[in-house]
Amino acid sequence: MEDVIIIGAGAVGAFIARSLSVYELKVLVLDKENDVGDVTSMANSAIAHSGYDPEPGTKKAIFNVAGNKMMPTVCRELDVPYGKIGTMTIALEDSQLKTLEDLKLRAEKNGVEARLMSHDEVIKAEPNINPEVKGALLCPTGGIVNPFLLVARAFENAMDNGVKLALNEEVTGIESKKDGFVVKTKDNEYEAKVVINAAGLHSDDVAKMIEPISWSINPRKGEYYVLDHYAPGLVNHVLFPLPSSKGKGVLVTTTTSGDYLVGPSSEFVPSKDDVSTDVMTLEDVKAQAKSLVPNIPFNQQIRVYAGLRATPSTHDFIIEPAKSNSKFINVAGIESPGLVSSPAIGEYVADKLVGAVLPLKKKAHYETKVRPYVKPLTMPLEERNALIKEHPDYGMMVCQCEKVSLGEIKDVMSRSLPVYSVKALKKRTRAGFGKCQGGFCQPSIVRLLAEYYHTTPDKVNYDKLNSPLVVEEVKKEGK
Ligand SMILES: Cc1cc2nc3c(=O)[nH]c(=O)nc-3n(C[C@H](O)[C@H](O)[C@H](O)COP(=O)(O)OP(=O)(O)OC[C@H]3O[C@@H](n4cnc5c(N)ncnc54)[C@H](O)[C@@H]3O)c2cc1C
């Protein structure tokens, strides 16, 4: 029997697992997908929000501010790209300046550093901004983070400490017993003393497996453009318009890899799985973004995507035990700012909620850091040459657009977190993220994955199970 089963391997499940991994507990994470962080945690704005925006006193405000404070240390320990570049909320009309003052007061109530900027200061800091700008609210502790690596590295660290992960295991039912739970998937049954529901968009469906609930999760779609890292300096901060009832609005930002993100839209949709994009919505996103930064070079667009926010009917994060059973813990409705909040949520759920129902004893030895990663691209030339001389794989470029070497790919495949798909490898290394979107490197990636897992290329999936890129061998026996 496990001590704890976590349902859901997104950012929230990852950081709960990491926080629990320091204790003498048997922890298993189940996810329905073929990789960790394959749903909302990979399709968002990737902003480490400062916490100026959520209503003071709410769980969103508390965990956002706490998570933001943890982010520099977490990213250092897990070797995750992170940049404290600051956020600016922009007023384009005089009438909006009063809202900026209100937001500053709200930031202060939340304990977040914030400063009003004049027209001239904004123009100096952001030369490409709409010249009509009237002022801005600067929050210097806001920043950007790599969302793919944040989740993957938290899992790697948790797994180095003994946490187990079972992918492609969709939970279909849960039975309460005297001393715990039986968690059922299509093919298996698992037993645990405590169950944590971190199932994102489906957290209401999972919560209902235990008891009737009074809340629901309503998917709210956000669509984006990704622009190639063609030239630095289009924007230097994360630029937001004024927030509205629809959320924080269409932002323009750089990312930790130097690309630019423009979006998201905000529309409730009926399906929890529909991540399609559409021209009308994207055109609207484009128009809104251009009102902030008129000269965004949309001809450098390399991709569009959509993510679904798990918007709760309660309007706040739901982080509490089920009404009828304190050993079933719901961590639900974690919409934005859930990514930045996840380290703080993980710590709270492990120490306070699991700690209330299981004895927590720290392991004699556990890792807080992942094994160091070799990064040839950021090394001084001399050091890189020496590395390549000793390990020639670091000089073999597999992905030309993003400059990802064979050595880095082999390193990622050898880690405790498995890499079962082309997309998983893409998220871990950036191979396939660039201008050609994998056109050049995908055949090599498929071959490398097939070799590593001792299988044939037609068994290598792009993403989910049964999504091969190679269907059959054309040239058989040399013909
Ligand atoms: C458009 C958009 C913009 C955002 N921008 C930001 C931002 O800039 N900053 C920020 O902090 N936050 C942002 N967020 C929010 C952030 O992405 C989420 O709060 C966070 O990713 C939620 O993580 P999660 O683990 O709860 O959910 P998920 O990542 O969705 O993980 C839930 C997991 O549960 C699994 N699962 C579901 N049902 C089952 C089942 N029955 N059995 C097994 N597994 C199951 C899923 O497969 C999934 O892997 C944004 C979100 C969106 C959509």
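**Group meeting: strands and ligand shell in a predicted model**

Good morning. Four bridges join strand S1, residues 2-7, to strand S2, and the two strands run parallel. Please keep in mind throughout that this is a predicted model.

Let me stay with this pair for a moment. Val 4 has Val 27, in S2, as its bridge partner. Strand S2 covers residues 27-30, with Val 27 and Val 29 pointing one way and Leu 28 and Leu 30 the other. All four of these residues are buried.

I turn next to a second sheet. Three strands make up an open, antiparallel sheet, and their order is S3-S8-S4. Strand S3 (47-48) and strand S4 (82-83) are at the edges; each has a single partner strand, so one side of each lacks a neighbour in the sheet. Between S3 and strand S8, residues 143-145, the antiparallel pairing rests on two bridges. Ala 48, for its part, has Gly 143 in S8 as bridge partner.

The loop between strand S7 (135-139) and S8 contains Thr 141. Is Thr 141 buried or exposed? Its relative accessibility is 19%, and the cut-off for buried is under 20%, so Thr 141 counts as buried.

I now come to the ligand. Which residues are closest to the ligand? Of the 40 residues that surround it, the closest are Asp 31, Ser 41, Ile 47, Val 171 and Ile 334. By class, this shell comprises 20 nonpolar, 13 polar and seven charged residues.

Where does the shell come from in the fold? Helix H1 (11-20), strand S13 (217-227), strand S18 (301-312) and helix H8 (338-354) each contribute at least two residues. In terms of domains, at least three shell residues come from each of domain 1 (1-81 + 145-216 + 313-372) and domain 2 (82-144 + 217-309).

Finally, the backbone contacts to ligand oxygen atoms. A polar backbone atom of Ala 11 is 3.2 Å from an oxygen atom of the ligand. For Ala 46, a backbone N or O atom is 3.4 Å from a ligand oxygen atom. For Val 340, the corresponding distance from a backbone N or O atom to an oxygen atom of the ligand is 2.9 Å. Taken alone, the ligand exposes 1000 Å², and the protein buries 98% of that area.

Thank you for your attention.

Terms used
Residues are numbered from 1 along each chain as its sequence is written. This is a predicted model: local features need pLDDT of at least 70, side-chain atom pairs count only at pLDDT 80 or more; totals for chains, interfaces and linings use all residues. Side-chain values use heavy atoms; hydrogens and water are left out. A residue is near a molecule or strand if one of its heavy atoms lies within 4 Å of it. A polar contact is a pair of N or O atoms within 3.5 Å; within protein, one must be able to donate a hydrogen and the other to accept it, and residues adjacent in sequence count only if both atoms are side-chain atoms. Accessible areas come from the Shrake-Rupley method with a 1.4 Å probe; for residues, only the protein chains shown count as cover. Ala, Val, Leu, Ile, Met, Phe, Trp, Tyr, Cys and Pro count as nonpolar, Asp, Glu, Lys and Arg as charged, and the others, Gly among them, as polar. Domain bounds come from an automatic or database domain assignment. Two strands pair if DSSP finds at least two bridges between them. Buried means under 20% relative accessible area, exposed over 50%, partly exposed in between (1.4 Å probe, protein chains only).
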